[in-house]
Amino acid sequence: MKHFLLAAGSAALALAACAQVPNPFSPSQAAEKTDPLDRAYHIAAEDKILEAEAEPNPADSLATAPLSDIAAAIASGAVTSEEMVEAYLARIETIDRSGPTLQSVLSVNPNALADARAADARRAAGEPLGPLHGVPVLLKDNIESADPVATTAGALALKDNITGRDAPLTAGLREAGAIILGKTNLSQWANFRSTNSISGWSALGGQVRNPHMLTRTPCGSSSGSGAATAASLAAGSVGTETNGSILCPSTSNGIVGFKPTVGLVSQARIVPISSTQDTAGPMTRTVRDAALMLTAMATGEGATDFAAALDEDYFAGTRIGVLKFAEGGNAEVTARFADVLAALEAQGAILVEIEENDLPDNYWSDAFLVLQAEFKHTLNEYLADAAPAVTARTLTDVIAFNKENADTELYIFNQDIMEMSEAQPPLTDETYIAARDNILTASRDNGIDKFLSENEVELLVAPTRGPAFLIDAINGDQFGGGVGAGYLAAIAGYPQITVPMGFVRGLPVGVSFIGTAGQDADVLSAGYAYEQATHLIEAPTYLSSAEEVDAVARALRPLETE
């Protein structure tokens with residue numbers, strides 16, 4: 001999603017053209033297999049099917065399992081890292097690049113198999129690296145890795161940005177033993193390019209599709225990470241967020257997403273937007289998986305063993321603030337959220353309703369100004385240190401490059417956010433400083449921290465977002481306002497997790513837990529305790545449209561009368 005929402009009903013997010021896509025799984029096929037991802041594996045060309053049947057990979061059945069189960073299987077010798085990498089490469093070929101054609105993986109690391117073999121050799125020699133030893137993961141393609149793949153942010157201007165260096169979070173994953181499988185597609189420039197963008201589209205990767213319903217948005221900007229994780233194209237993935245870009249694709253694709261306290265995970269060597277809001281975070285199939293990845297990625301204050309700190313009994317006697325103002329107007333989302341609250345009370349939570357959130361009149365305009373000014377400053381710093389082959393060394397250069405390549409870059413939507421950002425003054429300007437201080441005070445002191453202290457609650461809970469809207473290459477993203485309070489956590493720089501809370505007409509929706517700065521372990525425990533009580537994650541079924549949902553199909557037919 002947009003790393004930034006322009007206003008409560010106006011979003012500048014990025015998606016791209018998506019025609020009606022036929023469902024590759026007929027009802028009869030769906031009845032034959034319980035796991036739609038196993039069905040997806042067999043939509044490849046006939047020769048690959050025959051080859052897979054002749055030489056089965058023992059990792060195939062494990063590929064849809066949680067990351068923690070995969071790590072345990074590799075550690076026990078039940079499967080090798082090489083076999084897991086092979087299984088995921090096969091799934092990328094048969095699900096992402098053919099079949100449903102999710103277009104969620106932008107590039108595959110050519111070193112992945114060699115790295116996996118080396119990991120297997122280390123384990124055989126009694127030299128395991130850590131809890132992620134041999135586990136294949138994907139990085140959003142704005143995060144650098146030392147592998148021979150570019151870090152592009154989905155943009156043609158960065159197609160040759162092969163830096164040969166790891167971001168600190170990438171190095172942390174490697175030190176824990178993870179295999180970097182490749183890079184995921186994303187909303188180009190992390191969706192900070194146009195006020196009329198479409199989430200999940202990039203010039204280099206095309207349009208990412210939601211594996212639950214192919215004509216619906218995967219949201220963004222970590223769209224590829226969300227779709228790939230839901231479709232089990234890796235054991236887990238890394239996304240980045242400025243405002244909603246981990247949370248929205250996680251809830252829209254029906255997975256777990258965690259946005260840490262800003263600073264817990266280093267933002268070095270990641271294509272930036274905001275120095276006050278940017279953070280990377282894990283996107284996984286379970287909360288434990290997210291905690292395992294975060295432990296490897298975190299280097300800032302508060303870094304700890306987050307997996308060991310998970311508390312299944314977190315809600316027993318714990319006061320939780322319910323953000324009633326963030327429920328929105330979707331009756332089915334409200335019904336799912338009511339189920340969440342009942343589950344929390346059943347676990348011993350004491351719920352306190354919070355009815356109102358008063359924002360300053362200029363909150364949204366100031367928030368947009370802050371991101372524009374910080375984008376210009378941080379992107380110029382990043383481009384100055386990009387790979388030598390990159391010719392665009394400033395935001396001004398990027399704008400000019402896009403105009404020179406308008407048929408590729410500007411056909412779907414414009415670059416007005418970039419142009420507005422270019423006109424902003426430096427970060428020493430008093431207007432910027434006043435705007436930054438205003439939104440931080442409103443989001444922290446008079447927002448999340450006020451809710452926590454005045455209501456004597458430990459954490460806050462709200463629906464994450466509404467169900468995914470249609471991909472629309474003509475009108476751009478059609479975000480509805482009112483559901484969720486993730487903007488407060490994003491602007492404040494505070495931790496937030498989303499966990500699946502069920503479905504609305506075939507589309508997943510999630511619930512969020514939010515805390516203050518440094519409450520990352522508590523937020524993870526809240527998500528974990530809720531997850532363990534409900535287990536509402538489901539594998540995607542690759543519906544082509546809402547009309548494949550029985551109740552919707554019946555409602556769209558004319559009423560039968562005698």
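Analyst: Happy to! Helices and strands here are DSSP runs, a helix having at least four residues and a strand at least two, and they are numbered from the N terminus. This is a predicted model, and by that count the protein has 19 helices and 15 strands. Of its 562 residues, 59% count as buried.

Let's look closely at helix 13, which spans residues 395-404. Its buried residues are L395, V398, I399, F401 and N402. These cover an arc of only 160° around the axis, so they sit on the same side of helix 13. What does that buried side meet? The buried residues of helix 13 pack against helix 12 (363-384), helix 14 (406-409) and helix 15 (416-422). The face turned away from the buried side carries K403 and E404, which are exposed.

For context, here are a few spots elsewhere in the backbone. R505 is not a glycine, yet it has a positive phi of about 55°. R505 belongs to the loop between strand 14 (496-504) and strand 15 (507-514), and it is exposed, with a relative accessible area of 55%. Y542, also a residue other than glycine, has a positive phi near 60°. Its loop runs between helix 18 (520-534) and helix 19 (550-556), and Y542 counts as buried at 0% relative accessibility.

Key. Residues numbered from 1 in each chain as written. Predicted model: local features only at pLDDT ≥ 70, side-chain atom pairs only at ≥ 80, totals over all residues. Heavy atoms only, no water. Buried < 20%, exposed > 50% of the residue type's maximum accessible area, 1.4 Å probe, protein only. Arc of directions from axis to C-beta. Contact = heavy atoms within 4.5 Å.
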